[in-house]
Amino acid sequence: MASLTIARAYQHFFDTHPNRTLAFTGGVLNAVGDIVAQLSQNVLSEDKERRLGWDVGRTLRFFCFGFGLSPLLGRWNIFLERRFPLCKRRCHRTSFKALSKRVAADQLVMAPLGLILFVGSMGVMEFRSAAQIRERYADMYTTALLANWKVWPIAQLINFRYIPLPYRIPFQSTCGVFWTLYLSLLNAKWVLLQ
């Protein structure tokens, strides 16, 4: 019953304030992903001295990243919906060709762009120099992009095929908790090496 109430509230806020709703939802789910990553790092750390407390600043940076990126992703989903309609007029079958084009466009355009935005924005929020951000980009971009292409195509295939447009960003962000876990661990590993 509570989930139905949450879904109705979300739909209402999405209908009245889509960008704010997407921003807040994306920010919260990104922050959750970072909290899970920090807890995982502490639990998995064999070196008790390397176990750190909760880094609130790091979680806030992930919140800010999700808050800023989610409205952009919402517009991207609208563009994909219009550019590659899965069903023309009153059809009863989904066009696999259009679905494949959506996933391909998402993975070849938005995935690389999203990673560039992630590396750059995290570097700026961590007060890194331009040289440090370029170094981080060189160290982690290819690794993260290749990992992205192993995970996200199937998630986006499900997202674009079965999830209604207003719920695509929350679905993506929910899947993204685990992706944020990966990015957070990758980012933290790079920070520890500095």
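**Exercise 1. Is Arg102 buried or exposed, and what does Arg102 pair with?**

Step 1. Take the accessibility. Arg102 has 0% relative accessibility and counts as buried. The cut-offs are these: buried is under 20% relative accessible area, exposed is over 50%, and partly exposed is in between (1.4 Å probe, protein chains only).

Step 2. Know the source. This is a predicted model, in which local features need pLDDT of at least 70 and side-chain atom pairs count only at pLDDT 80 or more, while totals for chains, interfaces and linings use all residues. Residues are numbered from 1 along each chain as its sequence is written, and side-chain values use heavy atoms, with hydrogens and water left out.

Step 3. Find the partner. Arg102 forms a salt bridge with Glu81, and their closest N and O atoms are 3.2 Å apart. A salt bridge needs a side-chain nitrogen of Lys or Arg within 4 Å of a carboxyl oxygen of Asp or Glu.

Step 4. Glu81 sits in helix α3 and Arg102 in helix α4 (residues 96-125), 21 residues apart. Helices here are DSSP runs (H or I, at least four residues), as strands are (E, at least two), numbered from the N terminus.

**Exercise 2. Which other arginine does the side chain of Glu81 meet in a salt bridge?**

Step 1. Look at Glu81. Its relative accessibility is 29%, so Glu81 counts as partly exposed.

Step 2. Name the arginine. The side chains of Glu81 and Arg168 form a salt bridge at 2.6 Å, N to O. Glu81 is in helix α3 and Arg168 in helix α6 (residues 168-193), 87 residues apart.

Step 3. Check Arg168. At 4% relative accessibility, Arg168 is buried.

**Exercise 3. How many salt bridges are there, and what does the Asp34 pair tie together?**

Step 1. Side chains of opposite charge can pair when their charged atoms come close.

Step 2. Count. The rule gives six salt bridges.

Step 3. Take the Asp34 pair. Asp34 and Arg58 meet at 2.7 Å, N to O. Asp34 lies in helix α2 (residues 18-44) and Arg58 in helix α3 (residues 56-83), so the pair ties together parts 24 residues apart in sequence.

Step 4. Check burial. Asp34 is buried, at 0% relative accessible area. Arg58 is buried too, at 10%.

**Exercise 4. Where is the kink in helix α5 centred?**

Step 1. Compare spans. Helix α5 (residues 130-162) spans only 41 Å between its end C-alpha atoms, whereas a straight helix of 33 residues would span 48 Å at 1.5 Å a residue. The expected span is 1.5 Å times one less than the number of residues.

Step 2. Locate the bend. A kink of about 40 degrees is centred on Met140. The bend is the angle between axes fitted to the seven residues ending at a residue and the seven starting there.

**Exercise 5. Which residues lie nearest the centre of the largest cavity?**

Step 1. Get the volume. The largest cavity holds about 440 Å³ of space. A cavity is a set of points on a 1 Å grid over the protein atoms alone where a 1.4 Å probe fits but cannot get out; lining residues have an atom within 4 Å of a point.

Step 2. Read the lining. Of its 25 residues, Leu69, Leu73, Trp152, Gln172 and Trp179 lie nearest the centre. The elements giving two or more residues are α2, α3, α4, α5 and α6.

Terms used:
On a 1 Å grid over the protein atoms alone, a cavity is a set of points where a 1.4 Å probe fits but cannot get out, and a pocket is an open set with protein on both sides within 12 Å along at least five of seven lines; lining residues have an atom within 4 Å of a point. Grid points are joined across faces, edges and corners, and a volume is the space filled by probe spheres set on the points.
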